[in-house]
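Please find below a colleague's note on the structure shown here. The points may be read in order, with the model open alongside.

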Amino acid sequence: MKTFLLALVVLGIFSAISDAQDVTVFQHARLIDGTGAPPRDDTTIVVRGHTIESVGTDIAIPAGATLIDARGKTIMPALVVAHAHLGLVQGTSSSTSHITEANVLHQLYRYANYGIGTITSLGLDHELIFDLRQQRDQHELVCPRILTAGHGFTAPQGGPGASIGDQLYRPATVEEARKDVVELAGKHPDIVKIWLDDFGGSSKRIQPEIYKAIIDEAHKHGLRVAAHIYYLADAKAIVEAGVDILAHSIRDLPVDDELIHKMRDRGVFLIPTLDMIEVSYVYADKPAWMKEPFFTNAAEPGVVAMLESPKYAPQNRDRRVLKLAEQNLKILFDANVKIGFGTDTGAAPIRVQGFGEHRELQLMVEAGLTPMQAIQCATQHSAELLGIWNTVGTLEPGKEADLIVLDADPSVDIHNTERINAVWLDGKKVDADSQSK
């Protein structure tokens, strides 16, 4: 009996030591918690295992915990990206042939180094994404949480083109559309993606009866639907059809009261993807950030040289599209339409993964949002859009410990989100030296 009791005592001591070793405490930090509340000074954050145990200014420190002095640092939630792509880009080209486990992991680690805690790969994935998602969910990978739309939906002969869209569903009838959604739902995607665009008249567009069937069937399976749109008329039509998310800004006309009221009343989110619009022309301007390591380290090999070449021609020289998108974002935001966060990085080499997310925050502020409003959209609101607000998006007890330690305060200057000192995902520090950028 004494031996049994002694064993229990030893086991209890070992368990207590083990628990203490699994606790990290950030002390004296300036905290931006993602809720939109003002920053709080001299804050303590206790992380036990994968989750945040407590946050406050008068917190008991667990014995044996690892202490991190965050004096002079600002801590904010890792970014929650609701629109990006994984594996398509390699070097200076985009192709589904680049989608390998090694390339997807390479890009996930890059996103991690840049403070992204969740990546939603929106509709151009191969089957391997589901295995990687499971590994991340089981805490086997120190990388962003993976959400996926699996295979997206477009029209027969619709865009995007075959080089990056060879794995899409292309239903020609309502019956085919419903069958395809049922098949996709069996793979348990996190979201459904529809392309509703003619890509400047170069592609066929999916017909209303088809996308209505996709939305209806997806909702039967408890899945939210995001739509790639460009035109105001398409935005109105697919919101009326019940879509949950507009995956891009409206870029042809100013938004009107009809769309505003429909989006607000139905809780439809907008993902602005302003960076995607800017990169279509901005490299011709040779902005100063093109020379900075924060950009050059994120770009794929050969991309910087390609952009600096005198032969490089921008995709679009019409800067008015970005200004219109920014104006529409501000109008929708001020009207209390829900705004999420995404960039469409990873769909093309010029849409630079990691860098583009921080540039998106800057463009949102340029559009008229305050830094704190942009951060809240990129954390709490984007987590709400994805249905994972109970897990991530804010630094509160019970949430997963995804956070960025910054050397300067982004509530004062949004560019300070680039001043990354350290990134912690799933309660573990991201080791930049062991991960490829």
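Predicted model: local features only at pLDDT ≥ 70, side-chain atom pairs only at ≥ 80, totals over all residues.

1. Helices α2 and α3. Two packed helices are described by the angle between their axes and the distance between the axes. For helix α2 (residues 101-113) and helix α3 (residues 128-137), the axes come within 11 Å and cross at roughly 50 degrees. An angle under 35 degrees would count as roughly parallel, and 65 to 115 as roughly perpendicular; α2 and α3 are therefore oblique to each other. The crossing of α2 past α3 is right-handed. On the α2 side the contact is made by Glu-101, Val-104 and Leu-105, and on the α3 side by Leu-128, Ile-129 and Leu-132. By class, 5 of these residues are nonpolar, none is polar and 1 is charged.

2. Helices α12 and α13. Which residues bring helix α12 and helix α13 together? From α12 come Leu-322, Lys-323, Glu-326 and Leu-329, and these meet Leu-363, Met-364 and Glu-366 in α13. This contact has 4 nonpolar, no polar and 3 charged residues. The axes of α12 (residues 320-334) and α13 come within 9 Å and cross at roughly 70 degrees. Angles of 65 to 115 degrees count as roughly perpendicular, and α12 and α13 are therefore roughly perpendicular to each other.

3. Helices α13 and α14. Helix α13 also packs with helix α14 (residues 371-386), at an angle of about 130 degrees and with the axes 9 Å apart. The angle would have to be over 145 degrees to count as roughly antiparallel; α13 and α14 are therefore oblique to each other. Their crossing is right-handed. Leu-361, Met-364 and Val-365 of α13 make the contact with Pro-371, Ala-374, Ile-375, Cys-377 and Ala-378 of α14. The residues of this contact divide into 8 nonpolar, no polar and no charged.

4. Helix α7. In helix α7 (residues 232-240), the buried residues are Leu-232, Asp-234, Ala-235, Lys-236, Ile-238 and Val-239. An α-helix has 3.6 residues a turn, so residues three or four places apart point the same way. The buried residues of α7 pack against α6 (208-220), β12 (225-228), β13 (245-246) and α8 (257-266). After the helix comes Gly-242, with a positive phi near 110 degrees.

5. Lys-236. Apart from residues up to four places away in sequence, Lys-236 touches Asp-256, Glu-258, Leu-259 and Lys-262.

6. Glu-300. Glu-300 lies in the loop between α10 (293-296) and α11 (303-308). With a relative accessible area of 7%, Glu-300 is buried. Leaving aside neighbours within four places in sequence, Glu-300 is in contact with Val-89, Gln-90, Gly-91, His-106 and Arg-110. A polar atom of the Glu-300 side chain lies 2.8 Å from the backbone nitrogen of Gly-91. The C-alpha atom of Glu-300 is separated by 35 Å from that of Ile-238, and the two residues are 62 apart along the chain.

7. Backbone geometry. Most residues other than glycine have a negative phi, and most peptide bonds are trans. Asp-344 has a positive phi, near 70 degrees, and is placed in the loop between β15 (338-339) and α13 (355-366). Asp-344 counts as buried at 5% relative accessibility. Asp-426 likewise has a positive phi, of about 60 degrees, although it is not a glycine. Asp-426 lies in the loop between β17 (420-425) and β18 (428-429) and counts as buried at 1% relative accessibility. What kind of peptide bond joins Gly-159 and Pro-160? The bond is cis, with omega about 0 degrees. Pro-160 lies in the loop between β10 (145-148) and α4 (162-165).

How values were computed: Residues numbered from 1 in each chain as written. Heavy atoms only, no water. Buried < 20%, exposed > 50% of the residue type's maximum accessible area, 1.4 Å probe, protein only. Helix = DSSP H or I, 4+ residues; strand = E, 2+ residues; numbered from the N terminus. Contact = heavy atoms within 4.5 Å. Axes fitted to C-alpha atoms, helices over the stretch in contact; angles between N-to-C directions. Left-handed = near helix turned anticlockwise from the far one by under 90°. Nonpolar A, V, L, I, M, F, W, Y, C, P; charged D, E, K, R; others polar. Polar contact = N/O pair within 3.5 Å; in protein donor to acceptor, adjacent residues only side chain to side chain.
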